[in-house]
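Please read the following walk through a single protein chain with the coordinates open beside it.

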Amino acid sequence: MGGVEPLATAWPYGATSSELKKRVEEARVLAVGAGGIGCELLKTLALSGFKHIEVIDMDTIETSNLNRQFLFRKRHVGHSKALVAAEAVRAMRPGIEVKAYQGNVKERQYDVDFFRRFDCVLNGLDNLEARRHVNRLCLAAGVPLVESGTAGYLGQVSVHIKGRTECFECQPKPAPKTFPVCTLRNTPDKPIHCVVWAKEMLFPLLFGAPEASDLNDGAAAEKEGEDSSAAGTADDPSFYKRQDGESSRQYAERVFRQQYGAKIEELRGMEDLWRNRPAPQPLDLDSLLQQAQGQANGSSASGGSSTASGGSACKALGLADAHAVWTVPQNAALFLQAAQQFLDDRPDEIGAAQFDKDDTLAVEFVTAAANLRAACYGIPMQSLFDTKGMAGNIIHAIATTNAIVSGLIVLEALKLLAGAPEACQTSFLHQQVSGSKRLVSRMAAPEPSPACMVCGTASVQLALNTNTWTLQQLVDKVLKGRLALIAPSITCGNFTYEEGEGLEEDEVEFYRGLLSRPLSQLPGGGLAHGSMLEVGDQEQHFKAQLIISHREDWDEEQHPEGFELSGSLPAAQAAPPAAAAPAAEAVAAGEPAAGVRGGSSAAAAPAAPAGKVALQETDDGIVLLSSDEEGDATEAAVPAAAAGKGKRKAPEATEAEDGEAKKARVEAAADDVVDLLDDD
């Protein structure tokens, strides 16, 4: 797209020209995401004259999507979003080509070569990891990216052109707000604390894998100063196993009395915690059930028929208003009813159940459990609707916001096709009229950040045979031989390789054992055609991105070493002036690094050394860190270690790879995150 000739009539006067109309009809565009923004985007593309559209989305249609994703109907629930959206757009405008893919955009088949087929890529994604992935593929493919996001009435659209504007990752994304486990377990003071406690601690303890919960972490309790003898059965995981002959109702009542009675009494005995705050108050289940019976309006407070209620505990109890804040007795009845139904109706899930925001019974249980916890601590209780939003990290979507944002996306795409990248802008949609007296404010697309570790890093094509080449050959011939690295490191998805100081003996032995393996057989799925390697050398402050191109047929006379390296790399830069790197010395002597054409000196600054704080991410994006301190978690929330045993952290390691982490800090509600995402 960077080589698109400007229109004969300059933008914006050529916006209605026949020349631009022809370019639009011939352009190939990729829409990533077919959710809230994606549906509106596909419709707008079709009605704007685009005839060659492809769309990727891994999700299926849910009932909750139907109030804003207007390409879908009730009969489509359970079907692929991408496939149904493509069918709807073809029906809207017969004759256009709309190709749909049901899959994850991070799958290997959607590689750099796949992205090179398009004139521009239009994003409507709902998670940060996928957006980063698409950003890097677009940079590697040299294809412009139009990024977007919405949050309620707010919206944003930005354009990212390699070498001309900043990439999606030039601006650091805010670290998610987190809470210490000790706060969640002992001293909550906000509704979100209670919701996360119910979702991440109590729910897995009763219905999921008990080891996934910190609620009975004896070591952590001891660390907090809790007397182990006073903890009694509270710290014994066997307490939460259903006993022989115990009915589901008896089990639910026993857990209630333990969590909201005995445990609260134990906490009240920890006097140091309550010097500057009011102590929690225990709940009397018998008294609450009597009150609930009086409030039931004819329905039984001891529970209704789960079959008649269609799996909803609220329906069984006659609690029909999801926006109402129920009383403490009503929440107590709901807690017992939801637990009963889970145990009786879904026995196969016990021990493996995971919270899902679309699981009605799970949301009802978490709502009741969180509100009872809040009642103990004098914290305002929440409605079912609000609790679901907090537990599911939901930012409720506005259909008109999605429609406006999709129009802005297509407008920027038209500028790119018109050969007018200088006219591209970043747009912000406001909830209220801004200082400029406009709901939409705009600014020129910023220039690339020299410090960006993504677009500021060199991108080089490395052609070789991934089936015959070993990791040893890659390290010796390419990284050390051709690039003159001293202590190279490699990161690619779940694979990590490191050399140099700071590694323990077992790590050195682990990495040494990988050297003899063919590249295609390395951990994490192997290195194959399209693999993107983040290569670095901490000693030289060197960073580069190698894009693997698998090739089996070689001309031995032209490429006697069996590989071909093409592109440009930054010259290695040593941190201390006295410790010049070999590649830098070669450049200083007037000799370019071997095999490198036109080396650049724009090496990004090295990442700060990371501490030994591991990250674990649940399916819905909750981030848990292995620290139980109550201080600010911002510094701890650095990119986590890539899979493998290395202690040194790669610049862009994934956030869910280190399985050793024991959860301690938990991300807050999504409305604390500044960066905007699509709703789903």
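**The interior and what surrounds it**

In this structure, the largest nonpolar core comprises 63 residues, and those with the most contacts inside it are Leu202, Phe203, Phe207, Phe256, Tyr260, Phe335 and Phe365. Two or more residues of this core come from each of the elements α6 (181–185), α7 (191–206), α10 (248–268), α11 (285–295), α12 (313–317), α13 (328–345), α14 (360–377) and α15 (384–391), and α14 gives the most, with 12 residues. Apart from this core lies another one, of 45 residues, among them Leu7, Val29, Cys39 and Val98. In general terms, nonpolar side chains in soluble globular proteins tend to be buried together. The coordinates discussed here belong to a predicted model.

For the chain as a whole, 19 helices and 18 strands are found, and buried residues make up 51% of its 680 residues. Among the contacts with a separation of 6 or more, 70% are accounted for by residues 24 or more positions apart.

Once its neighbours within four places in sequence are left aside, phenylalanine 203 is in contact with Ala198, Gly208, Phe342, Ala353, Gln354, Phe355, Ala362, Phe365 and Val366. Ring pairs also link Phe203 into a cluster with Trp197, Phe207, Phe256, Tyr260, Phe335, Phe342, Phe355 and Phe365.

Elsewhere in the chain, strand β2 (residues 52–57) and strand β3 (residues 97–102) pair in the parallel sense over six bridges, with histidine 52 standing opposite glutamate 97 in β3. To pass from β2 to β3 the chain crosses through helix α3 (residues 81–92), and this β-α-β crossover is right-handed.

The rings of tyrosine 101 and phenylalanine 114 have their centres 5.5 Å apart and their planes at 85 degrees, an angle over 60 degrees, so the pair counts as edge-to-face. Because tyrosine 101 lies in strand β3 and phenylalanine 114 in helix α4 (residues 112–115), the pair ties together parts that are 13 residues apart in sequence. Both tyrosine 101 and phenylalanine 114 are buried. Phenylalanine 114 also pairs with phenylalanine 115, and since their ring centres are 5.8 Å apart and their planes stand at 75 degrees, this pair is edge-to-face; phenylalanine 115 is buried, as is phenylalanine 114.

Two further residues can be set side by side: is each of them buried or partly exposed? Threonine 44, found in helix α2 (residues 36–47), has a relative accessibility of 15%, which is under the 20% limit, so threonine 44 counts as buried. Leaving aside its neighbours within four places in sequence, threonine 44 is in contact with Ser406, Gly407 and Val410. Isoleucine 486, placed in the loop between α17 (471–482) and β11 (488–492), has a relative accessible area of 41%, which lies between the 20% and 50% limits, so isoleucine 486 is partly exposed. The C-alpha atoms of isoleucine 486 and glutamate 499, which are 13 residues apart along the chain, are separated by 8.6 Å.

Technical notes:
Residues are numbered from 1 along each chain as its sequence is written. This is a predicted model: local features need pLDDT of at least 70, side-chain atom pairs count only at pLDDT 80 or more; totals for chains, interfaces and linings use all residues. Side-chain values use heavy atoms; hydrogens and water are left out. Helices (H or I, at least four residues) and strands (E, at least two) are DSSP runs, numbered from the N terminus. Buried means under 20% relative accessible area, exposed over 50%, partly exposed in between (1.4 Å probe, protein chains only). Contact means heavy atoms within 4.5 Å. A nonpolar core is a set of buried Ala, Val, Leu, Ile, Met, Phe, Trp, Tyr and Cys residues joined through side-chain atoms within 4.5 Å. Two strands pair if DSSP finds at least two bridges between them. A crossover is right-handed if, with the strands pointing away from the viewer, the path from the first strand over the helix to the second runs clockwise. Rings of Phe, Tyr and Trp (its six-membered ring) pair if their centres lie within 6.5 Å; planes under 30 degrees apart count as stacked, over 60 as edge-to-face and the rest as tilted.
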